[in-house]
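Reader: I would like a close look at a single part of this model, with its packing described step by step. Please take your time over it.

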Amino acid sequence: GFYAIIGATKGRFEAAAIAIFVAMIMDSLDGRIARLTNTQSDFGKEYDSLSDMVAFGLAPALVMYEWVLAGMGKLGWLAAFIYAAGAALRLARFNVQHAVTNKRYFQGLPSPAAAAVLGGIMWVGNDYGLREVAGIGIVVLLLTVAVALLMVSNIRYRSFKDFDLRGRVPFVAVLLLVLIFAFVSIDPPQVLFALFFGYAVSGPINSVVFIRRRRQLLEQRRQRPPDAH
């Protein structure tokens with residue numbers, strides 16, 4: 001995360017985006033390594049949250065500000081601040097609710113996924129020279145604020161923590177992982193952005209579908225005649 005910030009200040013936006021994705025890989029490994037080596041501790045949990053705040057809170061906000069948002073004036077730094085504040089609130093809420101929430105779902109968009117959305121669009125934009133395109137600032141500003149709001153929302157996202165690699169893994173799951181790696185190797189910026197943008201959008205879509213099904217079920221119960229005795 002720190003390297004991403006330094007890279008962005010030097011105009012090396014591709015390196016900054018890659019650094020954010022590398023931080024994601026490290027974040028997915030630290031807890032597993034701690035459990036495998038039996039070295040997990042309360043200190044490690046707190047340190048992990050602080051590292052997440054730098055890598056997935058401050059770094060994406062400052063990198064996006066250096067890339068496009070600085071040209072938006074006050075709205076630009078306000079959008080970057082909203083994202084950083086949203087990430088801090090998301091991480092604080094996760095620490096408080098970690099012991100009582102359903103492990104299969106996250107409440108709100110996870111901060112690494114939010115950082116991946118911003119890092120992905122910057123990586124794609126850097127490859128295609130979108131920084132100079134008229135209107136890109138508005139798109140980035142809206143996207144930055146949107147993922148910040150998703151982080152602090154009550155929308156549920158699949159955590160995939162129930163996917164156990166130590167037991168028997170379904171063949172379809174293995175095939176899907178292979179296909180994802182193959183697609184990422186074709187064009188990492190576009191594929192990674194598409195994957196994480198799709199994940200970010202999946203939360204609101206699933207919530208709308210769930211609400212509609214629940215309403216239909218309630219309507220069916222109301223229309224059902226009472227049982228005759």
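Reader: Is the crossing of H3 and H4 right-handed or left-handed?

Author: In this predicted model, helix H3, which spans residues 42-67, crosses helix H4, residues 74-97, in a right-handed manner. The two pack with their axes 9 Å apart and at an angle of about 165°, and because angles over 145 degrees count as roughly antiparallel, H3 and H4 are roughly antiparallel to each other. On the H3 side the contact is made by Ser49, Asp52, Met53, Phe56, Gly57, Leu58, Pro60, Ala61 and Tyr65, which meet a set of H4 residues including Trp77, Tyr83, Leu91 and Asn95. Sorted by class, this contact of H3 with H4 holds 13 nonpolar, four polar and one charged residues.

Ser49, which lies in H3, deserves a separate word. Its relative accessibility is 13%, so Ser49 counts as buried. Beyond the neighbours within four places in sequence, Ser49 is in contact with Leu91 and Asn95, and with the side chain of Asn95 the side chain of Ser49 makes a polar contact at 2.9 Å.

H3 also packs against helix H5, residues 111-128, at an angle of about 25° and with the axes 9 Å apart, which makes H3 roughly parallel to H5. Here the crossing is left-handed. Phe56, Pro60, Val63, Met64 and Trp67 of H3 meet H5 residues, among them Pro112, Leu118, Ile121 and Asn126, and by class the contact of H3 with H5 has 10 nonpolar, three polar and no charged residues.

Key. Residues are numbered from 1 along each chain as its sequence is written. This is a predicted model: local features need pLDDT of at least 70, side-chain atom pairs count only at pLDDT 80 or more; totals for chains, interfaces and linings use all residues. Side-chain values use heavy atoms; hydrogens and water are left out. Axes are lines fitted to C-alpha atoms, for helices over the stretch in contact, and angles run from 0 to 180 degrees between N-to-C directions. Helices (H or I, at least four residues) and strands (E, at least two) are DSSP runs, numbered from the N terminus. Angles under 35 degrees count as roughly parallel, over 145 as roughly antiparallel, 65 to 115 as roughly perpendicular and the rest as oblique. A crossing is left-handed if the near helix is turned anticlockwise from the far one by less than a right angle, and right-handed if clockwise. Contact means heavy atoms within 4.5 Å. Ala, Val, Leu, Ile, Met, Phe, Trp, Tyr, Cys and Pro count as nonpolar, Asp, Glu, Lys and Arg as charged, and the others, Gly among them, as polar. Buried means under 20% relative accessible area, exposed over 50%, partly exposed in between (1.4 Å probe, protein chains only). A polar contact is a pair of N or O atoms within 3.5 Å; within protein, one must be able to donate a hydrogen and the other to accept it, and residues adjacent in sequence count only if both atoms are side-chain atoms.
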